[in-house]
Amino acid sequence: MNLSFLDKWRKRTYPDPSVPLAESVSADPDSVVELLSECELLRAQAAVEGVELDDTVSSLEQLDQLRPVWRDDPEVAPWLGNDAGLYLGTVVVRTVSGAVWHVWPDGQPVVRLSSGREIDVVTCGHEWADVGAPELSQVYAEVAEN
């Protein structure tokens, strides 16, 4: 039995409803900024140590002083490093004039300064979580003076 309508039905393609992050940044930058600033794991770790992350430079300094207990858990460290980088980027975007989130074609969020320089804050966060250097407040100071 040949039912030609079934062949057409099976071959139907549906458009991909997902939107790349880069397009989302352009379409709705406020929502993306809010999403990138969540950093739930980092906020929870900081709260355990009595540090409130209020998107200020002083909170970066307080993070630099935390005991790195996450280094004992190989499953937590990468996620915490990612959150640390996103939090660093959040503070930069909210406090440095002209700084904005930008997304590379591979989906990596970076901070673009008004000079055009791009800061890979996620990599900085991973380095901080893994070895403690550079300190988040130090990266911020270098970015803020440009």
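This is a predicted model: local features need pLDDT of at least 70, side-chain atom pairs count only at pLDDT 80 or more; totals for chains, interfaces and linings use all residues.
**Entry 1: overall layout**

I started with the secondary structure, which comes to eight helices and three strands. Read along the sequence, the elements run α-α-α-α-α-α-β-β-β-α-α. I then looked up burial and found that 36% of the 146 residues in the protein are buried. For contacts with a separation of 6 or more, I noted that 56% join residues 24 or more positions apart.

**Entry 2: the largest nonpolar core**

In soluble globular proteins, nonpolar side chains tend to be buried together. I looked up the largest nonpolar core here, and it has 36 residues. Which of its members touch the most others? They are Leu42, Leu63, Leu88, Val92 and Trp128. I listed the helices that each supply at least two residues of this core: α3 (29-36), α4 (40-48), α5 (57-64), α6 (76-95), α7 (121-131) and α8 (136-144). The most comes from α6, which gives nine residues.

I took Leu42 for a closer look. Not counting residues up to four places away in sequence, Leu42 touches Leu53, Leu63, Leu80, Asp83, Ala84, Tyr87 and Trp128.

**Entry 3: α4 against α6**

Two packed helices are described by the angle between their axes and the distance between the axes. For α4 and α6 I noted an angle of about 95 degrees and axes 7 Å apart. The pair therefore counts as roughly perpendicular. On the α4 side, the contact is made by Glu40, Leu41, Leu42, Arg43 and Gln45. On the α6 side, I wrote down Val76, Trp79, Leu80, Asp83, Ala84 and Tyr87. By class, the α4 contact with α6 has seven nonpolar, one polar and three charged residues.

**Entry 4: α5 against α8**

Next I looked up α5 and α8, whose axes come within 7 Å and cross at roughly 145 degrees. Val57, Leu60, Glu61, Leu63 and Asp64 of α5 meet Leu136, Ser137 and Tyr140 of α8. I sorted this contact by class and recorded five nonpolar, one polar and two charged residues.

An α-helix has 3.6 residues a turn, so residues three or four places apart point the same way. I checked α8, where the buried residues are Leu136, Ser137, Val139, Tyr140 and Val143. Seen down the axis of α8, they fall within an arc of 160 degrees, so they line one face of the helix. These buried residues of α8 pack against α5, α6, β3 (118-119) and α7.

For α7 I listed Val121, Val122, Cys124, Gly125, Trp128 and Ala129 as buried. They cover an arc of only 160 degrees around the axis, which puts them on the same side of α7.

Is Val33 buried or exposed? At 19% relative accessibility, Val33 counts as buried, because the cut-off is under 20%. Val33 is placed in helix α3. Leaving aside neighbours within four places in sequence, I found Val33 in contact with Arg94 and Trp101. Val33 and Trp101 are 68 residues apart along the chain, and their C-alpha atoms are separated by 7.3 Å.

Val131 is placed in helix α7. At 59% relative accessibility, Val131 counts as exposed. I also looked up Val131 and Arg71, which are 60 residues apart in sequence and 8.7 Å apart in space, C-alpha to C-alpha.

**Entry 5: backbone in the loops**

Most residues other than glycine have a negative phi, and most peptide bonds are trans. I went through the loops with this in mind.

Cys39 is not a glycine, yet has a positive phi of about 45 degrees. Cys39 sits in the loop between α3 and α4, and is buried, with a relative accessible area of 4%.

Asp55 lies in the loop between α4 and α5. Phi of Asp55 is positive, near 65 degrees, in a residue other than glycine. I noted that Asp55 is buried, with a relative accessible area of 14%.

After α7 comes Gly132, whose phi is positive, near 85 degrees. Where is Pro134? Pro134 lies in the loop between α7 and α8. The peptide bond from Ala133 to Pro134 is cis, with omega near 0 degrees.

Conventions: Residues are numbered from 1 along each chain as its sequence is written. Side-chain values use heavy atoms; hydrogens and water are left out. A nonpolar core is a set of buried Ala, Val, Leu, Ile, Met, Phe, Trp, Tyr and Cys residues joined through side-chain atoms within 4.5 Å. Buried means under 20% relative accessible area, exposed over 50%, partly exposed in between (1.4 Å probe, protein chains only). Helices (H or I, at least four residues) and strands (E, at least two) are DSSP runs, numbered from the N terminus. Contact means heavy atoms within 4.5 Å. Axes are lines fitted to C-alpha atoms, for helices over the stretch in contact, and angles run from 0 to 180 degrees between N-to-C directions. Ala, Val, Leu, Ile, Met, Phe, Trp, Tyr, Cys and Pro count as nonpolar, Asp, Glu, Lys and Arg as charged, and the others, Gly among them, as polar. The arc is that of the directions from the helix axis to the C-beta atoms. Angles under 35 degrees count as roughly parallel, over 145 as roughly antiparallel, 65 to 115 as roughly perpendicular and the rest as oblique.
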